[in-house]
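Dear colleague,

Please find below the structure that I am handing over to you. My notes on it come after the display.

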Amino acid sequence: RSDAGETDEEDGDDAERSTPALRQAAWAAGATLLSLALLAQGALVFRGEIVQSSPQMRPFMESLCAGLGCDLPLPRDAAEIAIESSDIQPDASREAFFTLHATLRNRADFQQAYPHLEITLTDARDKALVRKVLEPAQWLPAAAPKDAFPAKREVATRISFEAPGVAAAGYRVYVFYP
């Protein structure tokens, strides 16, 4: 009988010794899983910034988003879009029509979404008379790449529009992202 009692005590000691090791392993596994989940969430939240700083990551992030049902929009940094030149002229053949010639440059090291253009006709005191906002599809020339504004490239555009009853003395052109 005493042999049986000793065996029971030894089994109890083994169980007590293995329980803390098992707990420690469970905590380590849980902490690892939570760390991986946090890392994955960070990659998802900052997916645009990751692709902007590392363009080679775009295919991986696109496939990740395809599986998760999220989108991966192109960067939109209006400060990196410059209007290199612009000129507006009244259309001699049609009254109240104007033609804007403008060249936009993406100065960024990465491709971007095309911006919207705002054309404002002004009076002699630079007071706005008429504003016209154009989406990329309205001003983008047919020969320009449609999917993205390439890095370090420029796009020349010609836009004709009507502004009846406006005696414009000047104009302003802005790029922006809504």
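This is a predicted model: local features need pLDDT of at least 70, side-chain atom pairs count only at pLDDT 80 or more; totals for chains, interfaces and linings use all residues.

Residues are numbered from 1 along each chain as its sequence is written, and side-chain values use heavy atoms, with hydrogens and water left out.

Overall make-up

The protein contains four helices and six strands; these are DSSP runs, H or I of at least four residues for helices and E of at least two for strands, numbered from the N terminus. Read from the N terminus, the order of elements is α-α-α-β-β-β-β-α-β-β. Of the 178 residues, 28% are buried, where buried means under 20% relative accessible area, exposed over 50%, and partly exposed in between, with a 1.4 Å probe and protein chains only. The accessible surface (Shrake-Rupley method, 1.4 Å probe) is about 11,800 Å², and carbon and sulfur atoms account for 54% of that surface. Taking contacts (heavy atoms within 4.5 Å) between residues at least 6 apart in sequence, 65% join residues at least 24 apart.

Strand pairing

Two strands are said to pair if DSSP finds at least two bridges between them. An open sheet of three strands has the order β1-β2-β5, with antiparallel pairing. Its edge strands are β1 (81–90) and β5 (154–162), each of which pairs on one side only. On average, neighbouring strands of this sheet are turned by 15° against each other, direction ignored; the axes are lines fitted to C-alpha atoms, and angles run from 0 to 180 degrees between N-to-C directions. Nine bridges join β2 (residues 97–106) to β5 in the antiparallel sense, and R105 stands opposite E154 in β5.

Strands β3 (residues 116–122) and β4 (residues 128–134) also pair in the antiparallel sense, over six bridges. I119 stands opposite K132 in β4. The two strands β3 and β4 form a hairpin with five residues between them, and D126 in the turn has a positive phi of about 65°.

Disulfide

With a disulfide defined as a pair of cysteine sulfur atoms within 2.5 Å, the count comes to one. The bond is between C65 and C70, whose sulfur atoms are 2.3 Å apart. The torsion about their S-S bond is about -95°, so the disulfide is left-handed. C65 counts as buried because its relative accessibility is 3%, whereas C70, at 23%, counts as partly exposed.

With kind regards
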